Amino acid sequence: MPESQVGICFFHPQGHLTRPANPFGKDIANAALFRALAQHGGFSDIAVLNRAGLTAEQLATEIGGSTAVRFATASISDTALPARHGALVRGQPYLSELAWLRRSAGLDQAYSLVGLIHTIAPPAIRQMIGDAALAPTHPWDALICTSPAVRQALQAMFEAWAEHLAARIGAVRAPRPQLPMIPLAVDTELLTRQAADRQARAALRQRLAIDDNDVVVLWVGRLSYYEKAFPQCMFQAVQQAARRCSRRLHFLLTGWFPGGESELRLYQQAASLLAPDLNVVVLDGNDPGLLAQSWAAADLFLSLVDNIQETFGLAPVEAMAAGLPVVVSDWDGYRYTVRDGVDGVLVPTLGSPGGAAGELLARLHSLELETYQTYVGAAAQHTAVHVQQAAVAIARLADHPAQRRAMGNSGQQRAQAMFSWPEVVRLHRELLAELAERRRCADPAAASAGARLQPLRGEPFASFQHFASQVLNPDLVLRVAEGVSAADLEQHLLVQLNRLYPGLRGNPTEARTLLTRLEAAGSTGLRVADLLAAEVPERRAWLETTLVWLAKLGLVDWYHAHDRSDLAGSLADPVLMQSEPLS
């Protein structure tokens with residue numbers, strides 16, 4: 001591994017990696033990725049930028065890994081740790097702000113930014129991803145695509161964005177991060193063990209009154225019709241399959257309802273009308289024990305996803321690792337992970353062609369007249385999955401245990417070879433090494449070209465300098481205000497309002513030192529440059545705001561004598577001082 005990659009730094013604002021209730025797939029995937037990189041990546045140093053204030057000891061407990069690994073934590077605005085480790089990895093695809101933060105520290109070529117794409121459906125997320133083309137990102141940065149479908153969509157999006165910029169402002173270059181493809185991964189060993197647990201299989205099937213000869217069709221994951229999959233086609237497919245095959249079928253839904261009881265009732269109503277003969281069971285997917293039993297009790301896996309929110313799909317890969325044949329929709333990442341006729345069956349899907357209806361939906365969402373849930377849910381409602389073909393596949397697998405075993409074995413081998421954590425971590429290490437080589441070979445002048453700060457955002461003092469009468473500058477002469485001594489600072493510090501926002505200035509000791517120097521200079525005062533000449537360069541910006549703060553408190557005077565006399569003369573002008581005539 002190159003020297004620059006002996007360590008790795010994660011950008012993870014929430015800090016903790018514990019599994020939340022009703023998790024999203026990205027939450028599970030990100031926590032697992034960070035742990036896997038720690039356990040299998042061979043890094044000697046691991047850091048996490050976070051806002052939770054984690055200690056290195058807490059980090060070591062949550063991430064795990066070798067006892068020889070050195071852990072460190074810092075604020076999410078830190079640039080020293082990423083520069084030391086050569087890479088800053090985040091589990092989201094937003095690189096723009098991190099690129100500007102890196103640029104503001106003058107560290108463009110010091111480390112790579114690596115983001116991970118979990119979804120490209122939300123328009124706001126697509127825009128934030130596209131911002132990377134305008135931010136100071138480089139060829140040594142990357143947005144990891146988890147499937148060919150994601151990379152194809154991102155390439156098309158960036159190309160369309162470049163065409164717009166060329167037409168709008170005559171742009172001739174279209175820089176963007178690399179778009180490597182690295183899949184998500186699962187704990188293949190754990191899932192293999194759970195699925196092979198015969199006692200767990202027997203216990204759950206006995207609890208649910210499922211005979212040994214019956215076939216259990218399993219769904220695992222979020223039960224959300226608007227963000228995951230409408231369940232109607234699955235209810236119909238299993239119902240039709242039950243009428244086609246010689247075995248009794250049961251449909252087991254192990255998951256959670258983001259919308260609670262109201263959404264559970266919608267599923268129950270759909271099941272009662274579309275699958276009246278079917279035993280449909282809902283189990284709590286937040287219970288690790290029940291989830292493990294579900295993998296053991298199942299005979300085949302079903303996921304007819306129809307939602308653009310999906311991009312990879314962990315659950316089918318988990319099912320493959322558990323040795324289950326899978327029947328899934330021919331959709332985005334599923335098409336990449338599942339080999340049709342080998343690991344399972346890809347069921348045909350039909351999408352709407354777009355045009356007026358799609359433009360209306362996009363417009364309503366962009367104007368915030370409809371929610372994101374409505375945006376993706378309405379699109380999914382008008383995406384079809386072939387119910388009859390799904391039913392045929394389920395019935396055939398239900399009636400042929402040997403085919404189930406063959407497909408399950410093929411899927412398990414594929415999961416172990418392609419989607420295990422050691423394999424996926426190897427791909428991440430290769431990517432980091434490639435990005436480090438790109439940094440090494442880059443032209444430093446080209447790397448740092450352009451604005452230091454995001455021009456549209458700026459910073460409040462520089463952006464609004466013209467609001468003030470005068471701005472603190474090196475030649476400005478300061479003096480202690482008339483009748484003031486350095487000791488007066490203590491009384492002003494008793495006023496709570498004076499102590500607000502201390503993070504933008506020096507500490508009270510530094511403030512006292514500055515006041516003492518000015519007091520010693522007497523009425524002639526000191527130029528700002530001379531006043532701060534003895535200070536280390538790194539502290540000068542903070543001491544400059546300290547001087548303005550002291551002036552705000554009335555302790556420091558910044559007007560020259562002739563400025564005050566001119567002002568007094570103006571106020572004494574009879575033309576300016578006269579009153580308006582009374583009518």
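The largest cavity in this predicted model is lined by Ala 29, Leu 33, Leu 116, Ile 144, Ile 182, Pro 183, Leu 184, Ala 185, Trp 421, Val 424 and His 428. A cavity here is a set of points on a 1 Å grid over the protein atoms alone where a 1.4 Å probe fits but cannot get out, and a lining residue has an atom within 4 Å of a point. Rolling a probe the size of a water molecule over the atoms shows where empty space is left. About 60 Å³ of space lies in the largest cavity, a volume being the space filled by probe spheres set on the points, with grid points joined across faces, edges and corners. The count comes to two cavities of 30 Å³ or more. Helix 1 (25-40) and helix 18 (421-441) are the elements that give two or more residues to the lining of the largest cavity. Helix 18 supplies the largest share, three residues. Helices (H or I, at least four residues) and strands (E, at least two) are DSSP runs, numbered from the N terminus.

Residues are numbered from 1 along each chain as its sequence is written, and side-chain values use heavy atoms, with hydrogens and water left out. Because the model is predicted, local features need pLDDT of at least 70 and side-chain atom pairs count only at pLDDT 80 or more, while totals for chains, interfaces and linings use all residues.

Six strands form an open sheet in the order 3-2-1-4-5-6, and the pairing is parallel. Its edge strands, strand 3 (70-74) and strand 6 (142-144), each pair on one side only. On average, neighbouring strands of this sheet are turned by 20° against each other, direction ignored. Two strands count as paired if DSSP finds at least two bridges between them. Strands of a sheet pair through backbone hydrogen bonds, either parallel or antiparallel. Five bridges link strand 2 (residues 45-49) and strand 3 in the parallel sense, and Leu 49 has Ala 74 in strand 3 as its bridge partner. Across strand 1 (7-11), strand 2 and strand 3 lies helix 2 (residues 56-63), running at about 115° to strand 3. For such angles, axes are lines fitted to C-alpha atoms, for helices over the stretch in contact, and the angles run from 0 to 180 degrees between N-to-C directions.

Where do the side chains of a strand point? In a regular strand they alternate between the two faces of the sheet. Strand 11 (residues 326-329) has both faces covered: Val 326 and Val 328 on one side and Val 327 and Ser 329 on the other are all buried. Buried means under 20% relative accessible area, exposed over 50%, and partly exposed in between (1.4 Å probe, protein chains only). Strand 10 (residues 300-303) pairs with strand 11 in the parallel sense over three bridges, with Phe 301 opposite Val 326. From strand 10 the chain crosses through helix 12 (residues 314-321) to strand 11, and this β-α-β crossover is right-handed; that is, with the strands pointing away from the viewer, the path from the first strand over the helix to the second runs clockwise. Strand 11 also pairs in the parallel sense with strand 12 (residues 344-347), over four bridges. Here Ser 329 stands opposite Val 347. The β-α-β crossover from strand 11 through helix 13 (residues 332-337) to strand 12 is right-handed.

Strand 15 (residues 477-480) is covered on both faces, with Val 477 and Arg 479 buried on one side and Leu 478 and Val 480 buried on the other. Two bridges join strand 15 to strand 16 (residues 526-527), and these run antiparallel; Val 477 has Arg 527 as its bridge partner in strand 16. Strand 17 (residues 556-557) also pairs with strand 15 in the antiparallel sense over two bridges.

Two single residues complete the picture. Arg 102, found in helix 4 (residues 96-104), is buried, with a relative accessible area of 0%. Beyond residues up to four places away in sequence, Arg 102 touches several residues, including Asp 108, Tyr 111, Trp 140 and Asp 141; contact means heavy atoms within 4.5 Å. Gln 412 lies in helix 17 (residues 401-418) and is buried, with a relative accessible area of 17%.

Key. On a 1 Å grid over the protein atoms alone, a cavity is a set of points where a 1.4 Å probe fits but cannot get out, and a pocket is an open set with protein on both sides within 12 Å along at least five of seven lines; lining residues have an atom within 4 Å of a point.
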